[in-house]
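Reader: Before we start, please walk me through this model and say what each term rests on.

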Amino acid sequence: MYKADEVVAVAEETTLLAPSCSQERRTTVRSRAIGVLAAAGIAAVLALTGVGWLNGPAVAAWRTVCLAITVQALPFLLLGTVLSGAINAFVPADLFTRVLPRRPALAVPVAGMAGAILPGCECASVPVAGSLIRRGVTPAAAFAFLLSAPAINPIVLTATAVAFPGNPAMVAARLLASLVTAAVMGWLWLWLGREDWLRPTARHTGHRPGHSRWQEFRLGFRHDFLQAGGFLVLGAMAAATFNVAVPSSVLDAFSGSPWMSVLFLAGLAVLLAVCSEADAFVAASLTGFSPTARLAFMVVGPMVDLKLIALQAGTFGRAFALRFSTATTAVAVITSVLIGGALL
Amino acid sequence: MKRHIQAVLLVLTGLGLLHAALFTDLCLRYVKEGQRPVLIASGALLVLLGLAGAILDRTAPEDDGHAHFNVPHADGHDHSAVPDAHDHDHSAVPRVAWLLFLPALSLLFFAPPALGAYTASRANNQAVKKGQHFDPLPATTPLPMTLSDFTARVQQDRGQAVRGRSIRMTGFVTPAEKGGGWYLTRIIFTCCAADSQSVKVRMYGTPAAPANTWLAVTGTWHPGGTLGTRTAPAALDVHRTDRIAPPVNAYTDDLPLTPS
């Protein structure tokens with residue numbers, strides 16, 4: 001494998017399962033060519049312009065925001081991948097199937113509520129959900145967990161209460177709307193979901209007899225962390241681009257119409273990729289918007305955003321990530337409007 | 001991605017975090033002080049896991065590793081050619097992992113500065129908390145105040161306690177878009193620099209220093225509207241400015257500004 005082959009050719013992710021040898025070779029050659037081109041392009045740009053532009057105000061702000069998102073999320077990602085590696089290597093295979101209700105339709109809400117025990121933001125939940133599926137948890141239940149965990153854990157709810165002082169209805173609405181969205185998405189998966197949207201997860205089988213558990217943990221962790229870390233950086237770059245390119249003074253233009261403002265803030269949550277522990281403060285600062293629109297911001301944000309889509313694409317495959325994120329956004333917006341209308 | 005590069009990447013990422021959080025104050029440009037212990041722990045863990053991995057990889061036989069362990073092949077591609085072979089493709093780390101080198105190297109060698117005037121000039125003014133209770137102001141002159149406190153006093157304090165008082169505030173210079181005026185600004189965030197908000201107070205009476213210059217400004221409230229209501233501008237007639245060193249943690253709106 002040549003060095004140039006490996007330079008940032010994300011689109012050329014390994015084609016799945018048993019392509020013929022010639023296909024394999026063609027893909028490799030193509031990705032190698034793309035890698036060479038990308039490297040040559042970057043080198044040419046740097047040679048022509050020097051590194052001074054990297055310190056221009058806009059570029060420096062972009063780099064700062066990008067690095068901030070990455071640095072903020074890395075510990076949580078580490079926690080998530082260590083947990084997922086540990087679940088994979090050390091937890092007995094039948095534990096989850098014993099704890100969760102046997103019927104998937106019942107397992108979904110239980111798994112959704114179990115999300116309350118994973119403290120942290122959304123980056124940790126993706127690898128954990130991935131390892132749950134590998135351990136035989138029904139995907140619907142794992143997805144309910146994936147969606148609810150970053151939104152309803154005590155840290156995030158406390159932050160929400162602090163950000164909206166004297167407004168406990170907002171905390172209750174967020175908890176309820178997030179739980180309902182997670183459960184609905186789990187049931188939706190049971191109803192419409194297709195296994196072949198998920199990337200085959202052959203690489204982890206959990207602990208196998210005769211193999212060192214620590215070795216399995218180490219290799220599983222390293223794989224998950226490096227993969228998820230790469231996608232995290234990709235997502236952070238996308239989010240930083242929107243963060244820097246769209247000045248927040250644009251926001252006020254959308255605060256007039258109630259419908260537009262809900263959709264706009266939901267879209268903003270996707271683009272900004274603010275950590276779920278902080279999004280309540282951002283929502284609180286969007287004073288021009290209706291409480292329902294701000295609720296939508298806080299319900300959509302932890303479930304769908306650019307870095308999450310990138311992380312999910314890495315863990316579960318692109319076919320899944322796009323469908324799942326779209327459906328989740330729609331369900332989350334509808335749920336927020338209904339619950340926000342009733343409670344706020 | 002080859003196994004030794006994976007180990008190097010883990011170690012570099014860990015070193016980057018340690019460099020930013022333990023050996024320097026770099027991390028304060030991006031996240032809150034409270035994140036520091038978590039970052040140090042993560043950095044140390046990554047370095048340990050990377051080093052342990054590098055050592056264990058050397059002892060584990062590479063070629064027939066899958067006969068004993070879940071040891072990866074050097075080339076991540078060959079698994080797909082033999083799909084019936086059991087799952088030993090941990091090394092099939094997608095190329096996207098190379099992107100992790102960017103933050104690691106950036107933290108180590110080329111860390112971007114804290115957010116400044118560029119961001120502040122494009123941000124909305126931060127909403128100042130409503131319904132605050134105002135205690136009588138201390139008698140000190142000049143009276144040190146934060147930008148947020150000053151804004152709240154001017155626009156909400158019916159007692160008009162700031163009228164006629166000489167006030168001292170610190171922040172960095174953000175030029176106004178038009179008219180050549182400038183603002184004294186602070187950027188604050190709650191979690192990381194991605195959710196930053198800015199507090200601005202308009203300055204009158206002195207020409208603007210270059211953008212991002214840190215200043216301590218002394219002056220009195222710039223009259224306009226009715227003091228203590230929303231009509232009053234958060235603005236200051238400047239009597240005196242002093243350059244100060246940029247604070248280590250620029251993202252606060254706190255009184256004692258102690259560069260260390």
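Author: In the largest nonpolar core, of 178 residues, I69(A), A144(A), L265(A) and V300(A) touch the most other members. Helix 2 (residues 57-90) of chain A gives the largest share of this core, 19 residues. This is a predicted model: local features need pLDDT of at least 70, side-chain atom pairs count only at pLDDT 80 or more, and totals for chains, interfaces and linings use all residues. Residues are numbered from 1 along each chain as its sequence is written, while chains are lettered from A and ligands numbered from 1 in the order in which they are written.

Reader: What makes a set of residues a nonpolar core?

Author: Its members are buried Ala, Val, Leu, Ile, Met, Phe, Trp, Tyr and Cys residues, joined through C-beta atoms within 7 Å. Buried means 20 or more other C-beta atoms within 10 Å of the residue's own; exposed means 12 or fewer, partly exposed in between, with C-beta atoms placed from the backbone.

Reader: Which residues is A144(A) in contact with, beyond its neighbours within four places in sequence?

Author: V108(A), A111(A), G112(A), A182(A), A183(A), M185(A) and G186(A). Contact requires C-beta atoms, placed from the backbone, within 7 Å.

Reader: Why do the buried residues of helix 7 of chain A line one face?

Author: V156(A), A159(A), T160(A) and A163(A) are buried in helix 7 (residues 154-163) of chain A. Down the axis of helix 7 of chain A, its buried residues fall within an arc of 100°, so they line one face. The arc is taken over directions from the helix axis to the C-beta atoms. Their cover includes helix 6 (139-152) and helix 8 (168-192) of chain A.

Conventions. Helices (H or I, at least four residues) and strands (E, at least two) are DSSP runs, numbered from the N terminus. Two residues are in contact if their C-beta atoms, placed from the backbone, lie within 7 Å.
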